[in-house]
Amino acid sequence: MRGHLAYLDAVPDGPAARGPGWLPLDAPLHDPDLTRRWVERYAEITRAQSGVAPPGMPSAFVLQHHLDPLAQVVATAAVRGTWVLDADPSRWAVRLEPTFGYPLAVRVAKGESAEVADLGERVRRAQAGYLAAADAIATAFPAAHRMSSRQRLGMGRDMWRGALHRLLGGPLPRRESCCLLYALPAMHPCGGCPRV
């Protein structure tokens with residue numbers, strides 16, 4: 001699976017994938033202060049890099065950093081493997097890059113995973129499990145500024161479609177949510193941006 005994940009490393013659950021430096025993906029549900037600190041840190045990093053952290057942008061990125069690693073690994077297991085991974089966010093965690101605060105690795109726990117022979121059925125089941133987890137994370141996410149339900153729930157759908165696009169190709173999916181990258185100095189809307 002690692003060869004299909006670009007910048008992200010998938011680490012099996014175990015002693016090396018526990019402890020300091022790992023942030024649980026279910027933090028918005030059970031430890032919102034941990035997520036708030038990540039948003040604050042991301043805002044500081046953004047201000048240091050760009051001179052400004054537009055309202056909503058750090059929260060959008062941190063929500064995306066919760067949902068994208070989960071989408072990438074679950075989709076990759078379904079498309080490149082034969083597995084429907086358990087997407088229960090209590091079983092997953094990410095390790096952040098120490099300077100810039102984005103995920104470098106994701107801890108993959110076996111959970112209630114299943115092997116499914118049919119690709120279509122596998123992707124359908126993987127998508128259902130992922131979207132249930134993504135919706136729970138996004139709904140509970142403690143954004144620093146008001147975040148609409150379209151932004152929250154759309155981010156989960158966008159990360160899933162983006163993960164499938166990276167694996168299967170085809171036209172770039174149009175996003176429902178916005179990462180607000182365009183609001184930084186000298187930056188432009190991303191491909192598939194809903195604002196274009």
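W160 is buried, with a relative accessible area of 3%; buried means under 20% relative accessible area, exposed over 50%, and partly exposed in between, using a 1.4 Å probe and protein chains only. The model is predicted, so local features need pLDDT of at least 70 and side-chain atom pairs count only at pLDDT 80 or more, while totals for chains, interfaces and linings use all residues. Residues are numbered from 1 along each chain as its sequence is written, and side-chain values use heavy atoms, with hydrogens and water left out.

The structure holds 2 aromatic pairs. Rings of Phe, Tyr and Trp (its six-membered ring) pair if their centres lie within 6.5 Å; planes under 30 degrees apart count as stacked, over 60 as edge-to-face and the rest as tilted. With ring centres 5.6 Å apart and planes at 15 degrees, Y42 and F61 are stacked. This pair links distant parts of the chain, since Y42 lies in helix α2 (residues 32–50) and F61 in helix α3 (residues 57–80), 19 residues apart. Helices (H or I, at least four residues) and strands (E, at least two) are DSSP runs, numbered from the N terminus. Y42 is buried at 11% relative accessible area, and F61 is buried at 12%.

W160 has its own stacked partner, Y130, at 5.4 Å centre to centre and 25 degrees between the planes. Here too distant parts of the chain are linked: Y130 sits in helix α4 (residues 119–140) and W160 in helix α5 (residues 149–168), 30 residues apart. Y130 counts as buried, at 0% relative accessibility.

R18, in the loop between β1 (9–12) and β2 (22–24), is partly exposed at 45%.
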